[in-house]
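Thanks, everyone. Let me put the structure up, and then I'll walk through a few local features.

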Amino acid sequence: MNPKLAAANAALAQGDRAGAVDLIIDALSDRSLPDEQLYRVLLSNLLTLRRYAEGVDWAAKALDLVPHSYEFHNYLGVFLRRTARYNEGLAILDKAIALRPDELSAYANKGNILNDMNDGEAAEAVFNLLVQRSPRNTEFQRALGRALWLQTKLDAAAVRFRQAIGLQKDNLEAWLDLSAVVIESGKAEAGLKILDKGLAAHPNSPRLLRAKAAAFRRLGRASEARELLESLRELMDGTAWYHHEFGRLLSDTDRLQANEHFRRALEIDPYDLDARMALIESLDRTREGDESSRIEEAYRLLKAMDFPAQLEPPHTKIAVEVLSRSADYEAAESFGDFQTLGRSWAAYGAHTALLGHMPRAKTAEDRRELVHQHRLWGNAIIEKTKHKPITPAAPRGSSQKIRLGFMSSDLREHPVTSFAWPLFEHADRDRFEIYCYSFYTGAQADRAQQYVASKVDAFRWNPYMNHREAAQMIADDGLDILFELGGSTHMNKLEVMAWKPAPLMASWLGYPHSSGLDTIDYLLLDPFLNPPDPALLIEKPLIMPHTWIAMGEQAFPDRHKIVPAAPVCRNGFVTFGTANNPYKYNATLLRSWAQVVARVPDSRFLFVRPEGGSEIFRSNVRAFFEAEGIAGDRVEFRAVRGLHMQHYNDIDIALDTFPQTGGTTTCEAAWMGVPTVTLVGEALFERLSYSILQNAGLGDLCAPTLEAYLDTAVALAGDADRLQALRVNLRDQLRACPLGQTRQFSQDFYDLIATTVR
């Protein structure tokens, strides 16, 4: 026997799979030793070690040696599945099936790929065939259940999972699937009892205990989840899953403590991808304390990873968010192109990822693709509601007041409420009854929430309702029209709109794009915000006569003092700047900002963002400016969160982000006497600042092309007299324009809604 092969066999005998694999690969590199059995051993161990990308290469080489091998075709199909190369995997497995039509393994692997692709109907056909051929195979029954689940055939799926358990009581996957599908069908207590039955059969099973803790958490029963986890501390404190679950439980209430649990989970199991990504995401979302150090920690944890060939959509979402926030666009783009990433997030149900996807749109095709991605998400959500409909309210007489609803978990101290405030301050109570719905998980109502509640007929605050329960609650109020204001931001329940709990429904304010749900009839816009191409909206535009927002005194008070002299007059040089969130940045944008600074002698650029405390962010951003000949000391960073308004006193001109423009930041800059230069695009998310500036009388600062954007910024920088005049007069100008006329804005809104409903 070849010495290398003997050494490999010895390594396997000692349980050293990785060492054996390396020795086999070394042996196979000797072309004089092609050995079919050796390939079998190699592929089996690569699969066990989860070295899937290598498995693809070696399975292909095995097929070169034995082109008609059913076994090697099957292995290649499995490895292609594990690297998410689904279509290639299906093609290879079809070849395997053609070689041996009576063998079941390749059929099963094909069905698994179809389940992975969320093609439940095709997977059902495959597993129905397999169950007919082998009715006592528990995995075939379970896989058939998952195919039915994908099609929201929940009762039928539960039957299959029960059959799988009946065939094999120690099949933990079947217990987990059965509990999850029963809970999803709206039977929370029954689902929890299934987990208890599973635990009776498998006492202290970590997977079942984890599922129970997670179920309590997802059902909003945080105290029960915590009680369970505390009771398991002595037994499970040394396991990664225990700390992972504790971290998830604490994420919304004690982010710092959650981070410690996630760190502990990763310390226990450094190779646990879920634990690593959970820590990275939590660090990225931690606002308390030294935010910049946590940005750095999240970035370094991510960059230190030995990435698998293909991350799952929730992991790519986290990775791209962290890399974008650190201005590492090259690394972010390595996770997939615009279409691939967006569609994977939509198929997974990650609507929030699509918001961060907007700044990556580069072409007209990307804009239309983004609409398609939202439709993919919306269609899937609507399909899921069909198996558990709500009871519609009885019709109401037209002579009664119009019942208007606002649904948003941001009806509190939040920018959404800042802009919605005028509608409550000047509520038309003669014609309207107003209902509000919030799912905010905070412990108590803040001042803004209390104010809104005092101005409406009903404020229904239910933090832990599920989506269907929320939809039924709203339907029971018998609204005439419902507005959702939150999109898919944290704690909001956009999915509620899929049940159509009101006869007319609309979106406004919280999300700068069509949500994707065909059940939403309207999107409130104004003449400037409305995209010129109707194909870029899913809903019908509901057009306000002047502006879609107003700047009330509550959000824009006089206590934010303006230094009378413009920075250029005080310093002798122009300062450009931004307070926009870096998720809106991209490489083209930063290059453009640097080019503007390069064309204005001695000018500076000021970033007012908490990310400014991160060395990674500063270094990556400065690299774009240095590439245009801008020395590092001409780019300044102020690591600020929440107290940024005073820093506009050191900015002459705000340069807007694109393609996704500012909204709140454009208003804030103007309130502080700082004009914004914006690039106007086709889509709604490219026109927010355009609407604000046009309504503020600053339409000349809205550029139709990138070249015009650069020229406009440079020209404005050369007009110190105008910059000084805007510094002292722009706030009064805002008060006098449609943006500042809050009473008129509210009247326009209520008139429009009355006309629409009646």
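Predicted model: local features only at pLDDT ≥ 70, side-chain atom pairs only at ≥ 80, totals over all residues.

Let's start with the helices. Two packed helices are described by the angle between their axes and the distance between the axes. I'll give both for each pair.

Take H3 first, residues 36-48. It packs with H5, residues 70-82, at an angle of about 20°, and the axes are 11 Å apart. Angles under 35 degrees count as roughly parallel, so H3 and H5 are roughly parallel to each other. Their crossing is left-handed. On the H3 side, the contact uses Glu-36, Tyr-39, Arg-40, Leu-43, Ser-44, Leu-46 and Leu-47. On the H5 side, Glu-71, Phe-72, Tyr-75, Val-78 and Phe-79 take part. By class, that contact of H3 with H5 has 8 nonpolar, 1 polar and 3 charged residues.

H3 has another partner, helix H4, residues 52-65. What is the angle between H3 and H4? About 160°, with the axes 9 Å apart. Over 145 degrees counts as roughly antiparallel, and H3 and H4 are therefore roughly antiparallel. The crossing is again a left-handed one. From H3, the contact residues are Glu-36, Tyr-39, Leu-42, Leu-43, Leu-46 and Leu-47. From H4 come Tyr-52, Glu-54, Gly-55, Trp-58, Ala-59, Lys-61, Ala-62 and Leu-65. The H3 and H4 contact divides into 10 nonpolar, 1 polar and 3 charged residues. Look at Tyr-39 and Leu-43 of H3.

H25 contributes Thr-417, Trp-421, Phe-424 and Glu-425. H26 contributes Arg-447, Ala-448, Tyr-451, Val-452 and Lys-455. The classes here are 5 nonpolar, 1 polar and 3 charged.

On to the glutamates.

Glu-611 lies in the loop between strand S9 (604-608) and helix H30 (615-626). Is Glu-611 buried or exposed? Its relative accessible area is 1%, so Glu-611 is buried. Which side chains does Glu-611 meet through polar contacts? One is Arg-325, at 2.6 Å. Another is Arg-609, at 3.0 Å. Setting aside neighbours within four places in sequence, Glu-611 is in contact with Ile-295, Arg-325, Pro-582 and Phe-617. For Ala-639, 28 residues away along the chain, the C-alpha separation from Glu-611 is 6.2 Å.

The other glutamate is Glu-484, in strand S4, residues 481-484. Why does Glu-484 count as buried? Because its relative accessibility is 3%, and the cut-off for buried is under 20%. A polar atom of the Glu-484 side chain lies 3.2 Å from the backbone nitrogen of Gly-486. Beyond four places in sequence, Glu-484 contacts Met-407, Leu-494, Met-497, Ala-506, Ser-507 and Trp-508. As for Glu-121, its C-alpha is 33 Å from that of Glu-484, and the two are 363 residues apart in sequence.

Last topic, backbone geometry. Most residues other than glycine have a negative phi, and most peptide bonds are trans. Here are some departures.

Asn-118 has a positive phi, near 60°. Asn-118 sits in the loop between helix H7 (105-116) and helix H8 (120-133). With 40% relative accessible area, Asn-118 is partly exposed.

Lys-500 also has a positive phi, near 50°. Where is Lys-500? In the loop between S4 and strand S5 (504-507). At 31% relative accessibility, Lys-500 is partly exposed.

Then there is a cis peptide bond. Which residues does the bond join? Phe-658 and Pro-659, with omega about 5°. Pro-659 lies in the loop between strand S11 (653-655) and helix H31 (664-671).

That's my tour. Happy to go back to any of these.

Terms used. Residues numbered from 1 in each chain as written. Heavy atoms only, no water. Contact = heavy atoms within 4.5 Å. Helix = DSSP H or I, 4+ residues; strand = E, 2+ residues; numbered from the N terminus. Nonpolar A, V, L, I, M, F, W, Y, C, P; charged D, E, K, R; others polar. Buried < 20%, exposed > 50% of the residue type's maximum accessible area, 1.4 Å probe, protein only. Polar contact = N/O pair within 3.5 Å; in protein donor to acceptor, adjacent residues only side chain to side chain. Axes fitted to C-alpha atoms, helices over the stretch in contact; angles between N-to-C directions. Parallel < 35°, antiparallel > 145°, perpendicular 65-115°, else oblique. Left-handed = near helix turned anticlockwise from the far one by under 90°.
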